[in-house]
Amino acid sequence: MTDQNPRVVPGGARSTDAKPRAETTTDAHSQTDKFAGIQAELLLATGLSQNLREMLQFFMQAAVKALDLQAAHVYLLESIHTEAEKTESAAGFHYLQSYPEQAEQSSPHQIHRVEDTFKNIYPCDAQGYQIVEVDEGKFSIYCIPNVGNMVLHFKHGNLQTSVADSLKPVMQRLSLACHACLKITRLHSRINLNKVLEKTYEEQANQDPLTKLPNRRAFRYNLYQEIANSQRYNHYGAILYIDLDHFKNINDSLGHSVGDMLLTKVADKFTHEARVGDDVYRIGGDEFVYILRNVGDTEDVAISTAQSVVKRIIDSMADPIEVGEYTLHITPSIGVTIFPDKNTEENDSESVLKHADTAMYRAKSEGRNTFAFYDPEMQVTASKRLIIEDYLRKAINNNELRLEYQPIVNTSGQVIAAESLLRWHNPALGNVSPDDFVGIAEESNLMLDVSDWVLNAACAFVKKVMPNIGKDSAFKYFTINISPKQFKQQNFVTKLVEVLNKYGIAHKDIRLEFTENILIDNIDETILKMEELLAADIHFILDDFGTGYSSLSYLHRLPIRTIKIDKSFVTGFKDKSYTNKAIVDAIIAMADRMDLNCVIEGVETKEDAAYFINKGVFAMQGYHYHRPLSAQGFLNLMKIDEKA
Ligand code: C2E
Ligand code: CA
Ligand code: CA
């Protein structure tokens with residue numbers, strides 16, 4: 001059994017050595033050099049970091065090495081610990097850390113018996129050291145003046161008095177370094193606090209306190225930035241200026257608190273309808289503004305993008321809003337302007353906002369719950385889109401759609417297939433070209449209904465024609481154009497197969513035409529779907545080849561057998577620039593190398609036809625051979641008697 005009571009040997013001024021080692025005169029000088037070396041090494045190890053913990057860690061690491069210690073531990077004075085979160089307390093001192101870090105178990109406060117020692121006999125301002133022995137453990141407890149204690153845990157015995165004394169000035173210096181660290185930390189936390197406060201003030205200055213939306217001040221700043229961006233990057237942005245219709249009535253009749261709650265709910269709706277990257281601001285009582293960033297590179301795309309956001313907003317406001325016990329209906333009047341306006345120098349934020357405001361008043365005067373573009377021409381474009389959408393919605397039920405069939409021929413001029421092409425005749429609008437309505441229908445979900453109609457109509461025709469095609473005929477299949485939205489439908493393949501079965505059509509009797517647009521979102525998913533189609537023996541053609549964004553880079557990844565080179569490269573081929581010719585030649589050569597069939601679209605002249613025949617392409621389509629034909633026209637061409 002070893003002695004459980006610590007034996008305390010006071011150090012400092014007195015030169016008592018707990019475990020004296022022989023200090024012979026022969027090695028006295030080298031010993032003195034060694035002390036000086038250790039002292040210098042430890043002095044250099046103070047203040048190596050501005051962070052208290054890290055700085056002490058560096059120091060203890062050096063001390064453990066130089067003095068061959070088992071470990072070193074630091075305790076801070078009560079008055080100083082605030083900065084360094086305290087862990088366990090040992091008699092008025094707070095344990096901070098040890099080196100090596102896992103040596104905490106061997107620290108004096110873990111060896112409970114030493115606790116009393118700390119409390120009773122170690123006033124920290126003693127400016128010296130104590131040597132304490134517990135069991136086999138030998139500790140030197142040094143005072144770090146006005147900071148706390150550093151406890152050195154020896155492996156064997158204690159330090160010689162001379163070495164022990166030489167550490168006192170080191171501790172003085174360590175104390176200075178500790179205070180420097182503490183000062184810097186306090187300074188940092190004060191700076192951080194200021195930053196937090198500054199940010200809060202800033203937010204408050206830019207935020208509407210009721211709806212928490214950014215306010216007019218933030219709007220002005222961001223609009224200024226966005227106009228500059230649009231000019232720099234050559235794209236368009238848009239402003240939607242929204243005023244709530246008859247909001248004043250609600251305030252007057254139901255009180256301001258109901259009005260406030262309504263505004264908050266409306267603000268939430270607006271935030272919800274914003275596209276990613278767009279912001280909504282509350283710039284006045286019932287006035288809100290959207291900044292739509294990058295709505296397109298061309299005016300047309302900008303108009304249609306802005307318009308589709310506007311329509312979403314108007315639609316979302318059609319649902320009533322519950323405010324407490326009330327169910328309220330509120331509608332918006334929206335003024336729209338596109339910036340930068342390329343026809344004027346007036347592209348400062350004041351003018352842009354004024355234009356949107358003017359447009360908003362026009363929307364009000366047009367009966368509210370609607371929108372108006374500032375630019376009358378844009379209004380015409382926008383209205384046309386609306387009209388087309390409106391009429392197209394009724395076109396299916398009114399029997400206004402039909403299909404035409406354009407033959408596709410081989411190099412001998414035999415009809416091998418036919419593309420079904422959509423036609424729309426509206427009593428008020430006349431014939432509307434698919435180029436003028438397919439895009440609009442695609443933006444709303446209307447195209448899904450239209451596509452269903454096309455698929456059914458095409459299948460009905462295929463069912464009528466195919467049994468009348470002789471076994472030896474060159475004619476093999478009909479093609480059907482598939483819109484990107486249609487293709488992206490989750491159940492596209494299942495639905496397609498269902499329709500084919502409904503009409504009892506062999507899968508090989510049709511081929512689908514896709515454009516590169518179906519690849520934009522998720523090429524892997526697209527490939528999976530294509531493979532699903534192939535597994536069902538449904539084949540397809542990559543349409544409008546060359547007009548997409550990255551034709552060559554993805555082509556080798558797709559399970560594609562046939563591509564159709566777009567007519568924009570082909571029509572008027574002999575007058576086209578050398579580049580166009582080079583592109584078509586390159587595509588044909590590449591298709592050949594990749595073993596793909598090439599269909600050339602838009603062949604209008606004998607010369608063009610001869611050129612492509614000479615190239616040995618797979619098939620051609622164009623006015624030189626056949627224009628799109630009515631159903632009857634196609635039957636006549638194929639010499640099919642309808643009653644047969
Ligand atoms: P597309 O798929 O590239 O169809 C070929 C277009 O080129 C057709 O125009 C056709 O009439 C036209 N064309 C054919 N040969 C010649 C020629 O020699 N010279 C010239 N200048 N043009 C020729 P269309 O019928 O106006 O269709 C335009 C686009 O509308 C189609 O382009 C296609 O993207 C889309 N579309 C047509 N029908 C449908 C459909 O049923 N569903 C879907 N999703 N889109 C369709
Ligand atoms: Ca096509
Ligand atoms: Ca095309």
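1. A polar contact here is a pair of N or O atoms within 3.5 Å; within protein, one must be able to donate a hydrogen and the other to accept it, and residues adjacent in sequence count only if both atoms are side-chain atoms. Going by that, Asp544 has a side-chain N or O atom 3.2 Å from an oxygen of ligand 1. For Asn481 the corresponding value is 3.3 Å, and for Glu419 a polar side-chain atom sits 3.4 Å from a ligand 1 oxygen.

2. A word on the basis: this is a predicted model, where local features need pLDDT of at least 70, side-chain atom pairs count only at pLDDT 80 or more, and totals for chains, interfaces and linings use all residues. Residues are numbered from 1 along each chain as written, chains are lettered from A and ligands numbered from 1 in the order written, and side-chain values use heavy atoms, leaving out hydrogens and water.

3. Now the calcium ion (ligand 3). Asp566 is in the loop between β21 (562–565) and α18 (567–570) and Glu601 in strand β22 (597–601), so the pair ties together parts 35 residues apart in sequence. Helices (H or I, at least four residues) and strands (E, at least two) are DSSP runs, numbered from the N terminus.

4. How far apart are the calcium ions, ligand 3 and ligand 2? They are 5.2 Å apart.

Methods
Donors are N, O and S atoms within 2.8 Å of the metal (3.2 Å for Na, K and Ca); water is not among the atoms, so sites may look incomplete.
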